[in-house]
Protein chains: 2
Amino acid sequence: MKRISILGSTGSIGQSALSVVDAHPDRLQVVGLAAGENAELFAAQIARYRPAVVAMGTSSAVDRLAGWRPTGATMAGTGRDGLVAVASHPAADLVLCASAGTDSLEAVLAAIELGKTIALANKEILVMAGGIVTAAAKRCGVAILPVDSEHNAIHQCLHGRDASELRRLVLTASGGPFRGRSASDLLKVSPDDALQHPTWRMGRKITIDSATLMNKGLEVIEAHWLFGVRANQIDVVIHPQSIVHSMVELVDGSLIAQLGVTDMRLPIQYAFSYPERWPATSFDIVRAGRLDFEAPDTEAFPCLRLAYRALEGERSLPVVLNAANEIAVAQFLEGRIGFTAIPQVIEGTMNAHRPAEVATLAAVREVDSWARQYARELARAVELKV
Amino acid sequence: MKRISILGSTGSIGQSALSVVDAHPDRLQVVGLAAGENAELFAAQIARYRPAVVAMGTSSAVDRLAGWRPTGATMAGTGRDGLVAVASHPAADLVLCASAGTDSLEAVLAAIELGKTIALANKEILVMAGGIVTAAAKRCGVAILPVDSEHNAIHQCLHGRDASELRRLVLTASGGPFRGRSASDLLKVSPDDALQHPTWRMGRKITIDSATLMNKGLEVIEAHWLFGVRANQIDVVIHPQSIVHSMVELVDGSLIAQLGVTDMRLPIQYAFSYPERWPATSFDIVRAGRLDFEAPDTEAFPCLRLAYRALEGERSLPVVLNAANEIAVAQFLEGRIGFTAIPQVIEGTMNAHRPAEVATLAAVREVDSWARQYARELARAVELKV
């Protein structure tokens, strides 16, 4: 029996994770759950999975939460403190970090210090604090198992191969809803257009990130930290069908790829079951039929190029990239700036930043705050120009 | 430095193997070479690679061989004896069996008994004597490394995974030159038509086997012996581009695939370098562009179905399948029987055979002789009807 805590249980990944628990009731037990604002769904999850410890994003969310007291669950708190408490519960063997943004950074570090396995579905944590988190995991002998389908695929392809065998990673990208469009085609796209992802059903922020290719850019940075490879060893290839979840090229030119359904339950289950594998539905490549591969267009989608620039610059630049992107995407979703202004805001913020070391969480948070503030101002300037 | 003997050095695989030696002169040394009838090419190979021991198929071939004496090589003999001597040379660490047919069966067994690693590019040996060969390898602690691109791919995909993780193997097949044709379309195809393989450049016999899909059938049987899986755990999928060399499906529905150039030097080098990997040219999936997958048509290509039947029947039936196929293909190449008569001759011979145990090489050879004789007669009867 593996005992798990889930940070972000009402989100898309959290819900998929709980359906993996449903499929393996003899193998998985929920110890802790943390959610943000969705009190209605969270109440139902608490009633069903009977966790020992729970937390929500805000006290107003807790106020709206009904019926949890009779289950005997402990309400551990709100915000980052609540996340830390759920991640640190002594009974948890594994913590799935599926919350968006960087709120769970401290919680992940706390779980690592306690020797708990981390299943990581959150990109921002490694983008912002990859050096801090991976150093802690190494020091504590803790495995960070990637849940993102791409990194999960690479984990499966590497499967204990020696690092000397590896030439490069090849991350696949669906290309999002605007694949094939030129930069000028993208001037007029609306949030609704951008929210129509062709192959994956996900949250709003990550869906926009997929449309700009920033999602892939963040994954490039994440891959650097997870697999210890340099920027020039990570390639991105557009693969519209999202069947090949990613590949590794070995030194002899042999590519090892992982393929499967576009269903997040598969990589989540892999992370929960690792190093074992548990049965799930078979995959028929003949039904997929056709797989295409093309080079990404970094003219029309400059976010990918910006992410490589941030990774190559290292130090604080990925923090700036991520923070500015969060602000720009939020402004776009609110209809305040256009789609092509997203990379403009990010690049402008990166240009205004003087990269520095970020060896502590405090330093990370400081750069993050500065970048958000700067990006907000830049977005306002763009908005005024529209 | 790995020291190798090559059985079948003047054939397509043998020549590719020597070009792998050319690419890694600091890692590979040729100890022994054996060829069939091509004295001219063999003389050049001896002069260039300076093996300690050599052999040819017949004494008339040896008579035609010029210039080998001054190299100091020992002429070990002809026929099976010559092959055994080249495979058994004390200096050889690894024996590449790249000769066609079953002549090198004794040589492979001799090398196994001496503890030499086997790189196996020959299908017939496992099809005819898989039980005998794999039992000997197990007893002697010897690795049999598959060189066929499909099995080589599966070896790379499994990469030490536990057998309990494996659900099935998925062998890819180009579909050959007649993919998409109906059974009636195939009545009039000529040997020249059948020798036009779309993706791989190979010898004549294997090229015809690719056109009938018998090549894939033999590979299904080979996979059974190499990887210890049952017939119902081996699937075949048509993949015209031959970029995905084969796949494994794990129990959770995750597919692991190996992709690369259609160049036999890659799997040969893998077998030579294993468990290391040596550098070779990078592979660009974007240049491949598009990959297709479809189900095989066993109505138009009954040989695949016959191979499954032989494997399920086990015992002597695969020997009969292989022997009858060799005769039928030879008769087709000589223009004596039509393309669609190939499976008819094989099926007729299988139907006439009463399966029996084949625990010794003598028993295998006896069934083989009977099947060849019977298939020859059947082919003559078909020929008369044309």
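Residues are numbered from 1 along each chain as its sequence is written, with chains lettered from A and ligands numbered from 1 in the order in which they are written. In this predicted model, local features need pLDDT of at least 70, side-chain atom pairs count only at pLDDT 80 or more, totals for chains, interfaces and linings use all residues, and side-chain values use heavy atoms, with hydrogens and water left out.

A pair of aromatic rings is described by the distance of the centres and the angle of the planes. Rings of Phe, Tyr and Trp (its six-membered ring) pair if their centres lie within 6.5 Å; planes under 30 degrees apart count as stacked, over 60 as edge-to-face and the rest as tilted. The count by this rule is 8 aromatic pairs over all chains. A:Phe332 and A:Phe339 have ring centres 5.6 Å apart and planes at 70°, so this pair is edge-to-face. Both A:Phe332 and A:Phe339 are buried (under 20% relative accessible area; exposed is over 50%, partly exposed in between; 1.4 Å probe, protein chains only). Ring pairs also join A:Phe178, A:Phe332 and A:Phe339 in a cluster.

In chain B, the rings of B:Tyr270 and B:Tyr274 have centres 5.6 Å apart and planes at 55°, so the pair is tilted. B:Tyr270 is buried, at 4% relative accessibility. B:Tyr274 is partly exposed, at 32% relative accessible area.

Chain A superposes on chain B by a rotation of 180° with 0.0 Å of shift along its axis (RMSD 0.0 Å).

Key. Copies are superposed by least squares on the C-alpha atoms of residues with pLDDT of at least 70 in both.
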